[in-house]
Amino acid sequence: MIGFALRRGAESLLLLLGALLLVFLMVRLTGDPVSLILPMDAPMAQREAFRQTMGLNEPLYRQLAGFIGGALHGDLGQSLRFRQDNLELIWQRLPATVELALAALLFAVLVAVPLGVLGGMNPGSLADRMARGVGLLGQTIPSFWLGMLLILLFAVELRWLPSFGRDSLASLVLPAIALGFSGMGQLVRLTRSVVLEVRSSDFIRTAYSKGLRASGVSFRHILPNVAIPIISVLGIQFTYLLGGSIYIEVVFAWPGLGTLLEGAIRDSDFPLVQAMTIFIAFIAISIHYLTDLCYSLIDPRIRTG
Amino acid sequence: MVGEHSRVARAKALVHQRPVGAGMGGSMLLRRLRGNVGGVLGAVLVLVVVLMAVFASYLTPYGPAEGNLMSARIPPLWVEGGRSAHLLGTDQLGQDLLTRIVYGARVSLLVSFLGVLLALAIGVTLGLIAGYFGGWWDTVISGYTNLLLSIPYLVLVIVVATILGPSLTNVILLFGVTCSPVFIRFTRGEVLRLKEQAFIEAAYGLGAGAWRIIPRHLLPNLAGPLITLATFEMSAMIFYEAGLGFLGLSVPPEVPSWGNMLALGRQHLLTQPWLAIYPGLAIAITALGINLLGDWLRDTLDPRASRR
């Protein structure tokens, strides 16, 4: 177990270093960072001064060492627009995004798991057809469009819920549904197919042949085995929602990481964009690592494979 | 590996998931299509969108950038104030919405088709090399794959698009490169699985080399699932392109793309809601068509499905 944790930990650390290198190279190799950051009409003197302060005149390997060294110490540079530490800005906005992503995940799980289980247990039934329909819809409706439709219906027409901002629990409802919708589709598909697979496995046939009643088999044997793969994808779903929240936050003017990133892109605040990419990659890699650890605790077969 | 990143896991689930009772005997594709309502609907929808894109200039009475300020902000026909000259209404420049939606199909289809083609070319090549030759090749290629997959996809795409700047070529290149890991992983995994099978071992035992085994034995077995996977990736790519356009990072803003139109629709959501509703509907209908077609392709093309 400890060997597995260490091995996967080392892999995760390598991935993180790779992500840092990737971000660094993307900015440096696709052109002059100065022209990305400063306005087009900036005078030469200002460009030169900027190069000096950013250390862009130093050799590339020195810049890379400084960049990675800083990142590993938690220094992700300064925002051009806010004149503030990038990491501080990110920490301020993080709770709103985590709240939104968790609410979206909750919505997705609450709808998808019961529907997927019902559908998988009764193939061909109404519930099954609904599960397949929801699974398909999740793949065909863009989240940010759904968000705008929800605003038009529930905020403008019916006036039930607020359409933007983060004031009360009510303002969380619409963005959470819009964000969770496509994840819900994926979860329904997954749950349904896992239930179908477990139902037809040998140990279930054995349970029936021992004379157990159908309800006993469902609750004692099928559902626990369905739960494991579903729990294991929740962590990954969460990182997926962090990315998807960028669009939803823009639609609903939600004060989280997404609107921060959108603003940084609009103002060409490149240091902030870079810092946010690294931060989000770090979170995603950590969550994958933790998911793998949890999974290997539940299912020992993973550790050796 | 358990911590399989959601996009790859989803891709695999989509390709390998078969409904109960699937697995008809081998016969012609078209004859199979006839009995499948979803497949027919999907094919028709996709065909309509393709025709829209190809014949846009013949189908529309206006040019894509032809505006008339005298007829700006007209709502759709069935809303009060609508005019029959503009079925779905106009935007603040007086440009006809339906015309722009028809032209927008060009951007979506071009980006998703060429993007997937590029991703497929990169992915299958690298996946075959990693899976077939293994060793050092595999370490490098898998490292690259894991690295690209470690950053949440939407964030990766947004950052690269910011650096590259908005242009059609850049968007296609961007999707081609960033989507390739899905195909690399899939191809590599399938090659590793196929290599263990008796017919490959037999070919190897008879003295066949890589140049015979890869094109004659591996590629034909990969083609079906890869086409299915490419179909689903195409529908996902239409979403990603629209998302980039929504943030102003896809094609330049004056080009009529569904994403750019949605970005405009968001700005005028409360006053001219039709500007947001109909471009999104076009995306949803296209994605529905491609997904239905993909579901049907998966059930029909997968060699393992038809062997059972």
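This is a selection-by-selection tour of a two-chain model.

**Before you select**

The model is predicted: local features need pLDDT of at least 70, side-chain atom pairs count only at pLDDT 80 or more, and totals for chains, interfaces and linings use all residues. Residues are numbered from 1 along each chain as its sequence is written, while chains are lettered from A and ligands numbered from 1 in the order in which they are written.

**Stop 1**

Select chain A. Its C-alpha trace spans about 85 × 60 × 30 Å along the principal axes. Expect 13 helices and zero strands. Helices and strands here are DSSP runs (helices H or I, at least four residues; strands E, at least two), numbered from the N terminus. Of the 305 residues of chain A, 40% are buried. Buried means 20 or more other C-beta atoms within 10 Å of the residue's own; exposed means 12 or fewer, and partly exposed lies in between, with C-beta atoms placed from the backbone.

The average is 84, and 95% of the residues score at least 70. Where pLDDT is low, the predicted coordinates should not be read in detail.

**Stop 2: the two domains of chain A**

Select 2-72 of chain A, then 98-267: these are domain 1 and domain 2. The bounds come from an automatic or database domain assignment. The C-alpha centres of domain 1 and domain 2 of chain A are 37 Å apart.

**Stop 3: two helices of chain A**

Pick helix α9 (residues 202-209) of chain A. Is it enclosed or in the open? None of its eight residues is buried, so α9 of chain A lies largely in the open. G211(A) follows α9(A), with a positive phi near 95 degrees.

Move to helix α11 (residues 257-266) of chain A. Seven of its ten residues are buried, so this helix is largely enclosed by the rest of the structure. Show L257(A), G258(A), T259(A), L260(A), L261(A), A264(A) and I265(A): these are the buried ones. They pack against α5, α10 (214-252) and α12 (270-298) of chain A, and also against α7 of chain B. S268(A) follows α11(A), and its phi is positive, near 50 degrees.

**Stop 4: the side of chain B that touches chain A**

Select the 42 residues of chain B that are in contact with 50 residues of chain A. Contact means C-beta atoms, placed from the backbone, within 7 Å. Which helix of chain B gives the largest share of that side? It is α7(B), with nine residues. The side of chain B that touches chain A holds 28 nonpolar, twelve polar and two charged residues. Ala, Val, Leu, Ile, Met, Phe, Trp, Tyr, Cys and Pro count as nonpolar, Asp, Glu, Lys and Arg as charged, and the others, Gly among them, as polar.

**Stop 5: chain B, whole**

Widen to chain B. It has 13 helices and zero strands. Of its 308 residues, 48% are buried. Among contacts in chain B between residues at least 6 apart in sequence, 71% join residues at least 24 apart.

Finish at L206(B), in the loop between α9 (198-205) and α10 of chain B. L206(B) is exposed, with 8 other C-beta atoms within 10 Å.

Key:
pLDDT = per-residue confidence, 0-100. Contact = placed C-beta atoms within 7 Å.
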